[in-house]
Amino acid sequence: MLNLQDISDDHKDSYKVLLDKRKDNADAIYFLKSLDETDDCCFLTGKAGTGKSTLIKDVIEFCREIGKPPLVLWSTGISALNIGGQTVHSFFSLWIENVFPKEIKPYLIDKKNKKYKLKKAKVQTLLNVPFVIIDEIGMVNANTVDCINLLMKYYLAEATGDPTLIKKPFGGKPVIFVWDVFQLPPVSTTEWKQKFGEEYASERFFDSVTFKKKLAYTTIELKKNYRQEYDTFFWEMLDAIRNETISDDHLSRLNKQLGQATHDVIQLSTHRGKVDEINNQKIRQLSGQEYIYEWLTDGYFPDGMKKTDNILRLKKWAKVMMVTNDILGKRINGSMWIVQDLWEEYVDVQIGAEVFTVGSETRANKEITVSGRWKITEKILWTYDQFPLKLAYAITVHKSQGMTFDACNLDLCNTFTGGQAYTALSRSKSLSGITLLNKIEKRHLFFHPSIKPFIQNTPPTSSIQEKDISTYIQSFE
C-alpha cells in the first residue's frame, strides 16, 4: 500500500521513530509492515487497553506527513472530530438513514437523482488514497457495511472504467477495520429489527453479507497490554471474562471491591437517565452562582457529533471532564478537572497544583478530499461552539469506550446488552481502582451469541518473527 522504501530520507527517519516506539510490540510492527508491503484488507483487533486507537492515530499522522493520507472513517461524529476524519454516513451520503443496498441501486442507475450520489471530489478521494480506515467498525450496522461495499465497488469501477472492480470487495481498495468485538455493539433499535431482522442475524458488522461471503482479510491482534500492565491478576480476570472462563475465585476477588461510591470518583452507569440524575443532583448541591453556557452554531449540527451538551451548567468546584485534547497535551480528552473559577467567556479548571484557562472551542464537521497529487482539501460544512467540558460525576458505559480511569465507581446491576460489564470493568487501570456499587454475578458478564461463531470463523491471527522485526526496522536505517 505505502511502498515506504521509496520515501525520502527525512520521512524514513520519521518512520524509524514510529517503529522504535513499538519495537517491543511484534503485532504492532507486523501491522505497520503489512501497510507498507501488502494490499490486503486487514482486521486490526485487540483487547481493551492494547493501544489500537493510539497506533491508528500514529499511522494517520505519518501517512499525512509523507503525502499519502488514508481515508479515515468513523462510526460516530465525536470520534471523527477527534482525529479529523469523517463518519461513514457522511462520506457515503447515507446520513441518518438505514437502508438495504438494494434500495440504493435504483438511485445509482438514475443519473438525474442526486440521492446517495458521491460528489466527484469524494470519488477522487476513493481513487487516490492508498487505503481506507474504518475505526470502530463494531459500531457500524451490518446493512451499512453492505451499502459501503456497494458504493465503493460502483464508483471505483465507474471512475476507472474497469468493470471487474464491481466483483471485488470494496472495489479492490484495501480497507482496515479496527475494533474489539467484545466491546459494545451498535445501539439496537426496534425499528432496525423490524426492517432488517429477517435479512441479518444481528446488527453487528460481521453479520453483513460482505463479511459472510468470506471477505479475504488479514487478522492482526494486538496483545501487549498498556492499560492494566501493572495488575496481572486484573488482566487475567478480564481475559477470563472474554473467554467465558471466569471462576468463582475471580468473582470473589472482584466482589471484594463492593462498597459505597467513592467521593470525587466518576461513576459509570448503564443507563443515561441515571447518569443525568447524578450529574444534575451534584451540581444542585454545590453552593454559589450558577453559570450557563449555551452552544452556538452556524447551521444544523447533528447531535451525534456534539462532544458536550447544548446547555452547560457549571458552578465553582464542579467536577468536569475534558472532551478534547489541547495542542500541548496538558488537557487530555477524558481527564478530570475541578472548576476553579468562572467568567462569561472562559473557565479556570484545576488538577493538582495546575490551573488552566478554558475557553469556548469551535468544532467543525469537515468534508475531506484528496486530489490526484495527494493534495488534501477540507471543506467546512457546519461549526459548533461550546466549552469542551462535561459534568463528570457520572457517564454512561457506552460513552466511556476508549477512556482510561485510575479510579471509578461502577453501577452494573442493570446490564442489558452484551459486553456492557466487560467494557465498564476494562476502563480501569487496576482492580483496586474499582468500587462496585452492586454485586457482580456471572449473569452480568455476557456477550452477544454471534461473537463466538465470528471468532471461530475469523482467519488465524497473523504474526511476525522477532528476527524479521529487526530486519524490517534495520531496512530503514
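Helices (H or I, at least four residues) and strands (E, at least two) are taken here as DSSP runs, numbered from the N terminus. I noted that this is a predicted model, in which local features need pLDDT of at least 70, side-chain atom pairs count only at pLDDT 80 or more, and totals for chains, interfaces and linings use all residues. Residues are numbered from 1 along each chain as its sequence is written, and side-chain values use heavy atoms, with hydrogens and water left out.

**Entry on strand 19.** I looked up the partners of this strand, counting two strands as paired if DSSP finds at least two bridges between them. Strand 7 (residues 267–269) pairs with strand 19 in the parallel sense over three bridges, and strand 20 (residues 434–436) also pairs with strand 19 in the parallel sense over three bridges. L410 has L436 as its bridge partner in strand 20. I then checked the faces of strand 19 (residues 408–411) and found both covered, with C408 and L410 buried on one side and N409 and D411 buried on the other. For this I used relative accessible area with a 1.4 Å probe and protein chains only: under 20% is buried, over 50% is exposed, and in between is partly exposed.

I followed an open sheet of six strands, which has the order 3-2-4-5-1-6 and parallel pairing. Its edge strands are strand 3 (86–87) and strand 6 (218–222), each of which pairs on one side only. Strand 1 (residues 42–46) is joined to strand 6 by five bridges in the parallel sense, and there C42 has T218 as its bridge partner. I also saw that helix 3 (residues 52–65) lies across strand 1, strand 2 (71–74), strand 4 (132–135), strand 5 (175–178) and strand 6, running at about 140° to strand 1. Such angles run from 0 to 180 degrees between N-to-C directions, with axes fitted as lines to C-alpha atoms, for helices over the stretch in contact.

I next traced an open sheet of five strands in the order 14-13-12-11-17, with antiparallel pairing. Strand 14 (354–359) and strand 17 (389–391) stand at its edges with a single partner strand each, so one side of each is left without a neighbour in the sheet. On average, neighbouring strands of this sheet are turned by 45° against each other, direction ignored. Strand 11 (residues 319–322) pairs with strand 17 over three bridges in the antiparallel sense, and the partner of V320 in strand 17 is L391.

**Entry on strands 8 and 10.** I found four bridges between strand 8 (residues 291–294) and strand 10, which run antiparallel, and Y291 has L314 as its bridge partner in strand 10. In strand 10 (residues 311–314), L312 and L314 make up a covered face, whereas I311 and R313 make up an uncovered one.

Within helix 6 (residues 101–109) I listed P101, I104 and L108 as buried. Seen down the axis of helix 6, the buried residues fall within an arc of 55°, so they line one face of the helix; the arc is that of the directions from the helix axis to the C-beta atoms. K102 and I109 are exposed on the other side of helix 6. The buried residues of helix 6 pack against helix 8 (142–160), where contact means heavy atoms within 4.5 Å.

I then saw that helix 7 (residues 120–128) packs with helix 8 at an angle of about 85°, the axes being 10 Å apart. That makes helix 7 roughly perpendicular to helix 8, a term that covers 65 to 115 degrees. V123, L126 and L127 of helix 7 make the contact with M152, Y155, L156, A159 and T160 of helix 8.

**Entry on M237.** I placed M237 in helix 11 (residues 232–243), and M237 counts as buried at 0% relative accessibility. Leaving aside neighbours within four places in sequence, M237 is in contact with I246, H250 and L254.

**Entry on two loop residues.** S93 has a positive phi of about 55° although it is not a glycine, and S93 lies in the loop between helix 5 (88–91) and helix 6. In the loop between helix 6 and helix 7 I found Y116, a residue other than glycine whose phi is positive, near 65°. S93 counts as buried at 12% relative accessibility, and Y116 counts as buried at 3%.

Key. Angles under 35 degrees count as roughly parallel, over 145 as roughly antiparallel, 65 to 115 as roughly perpendicular and the rest as oblique.
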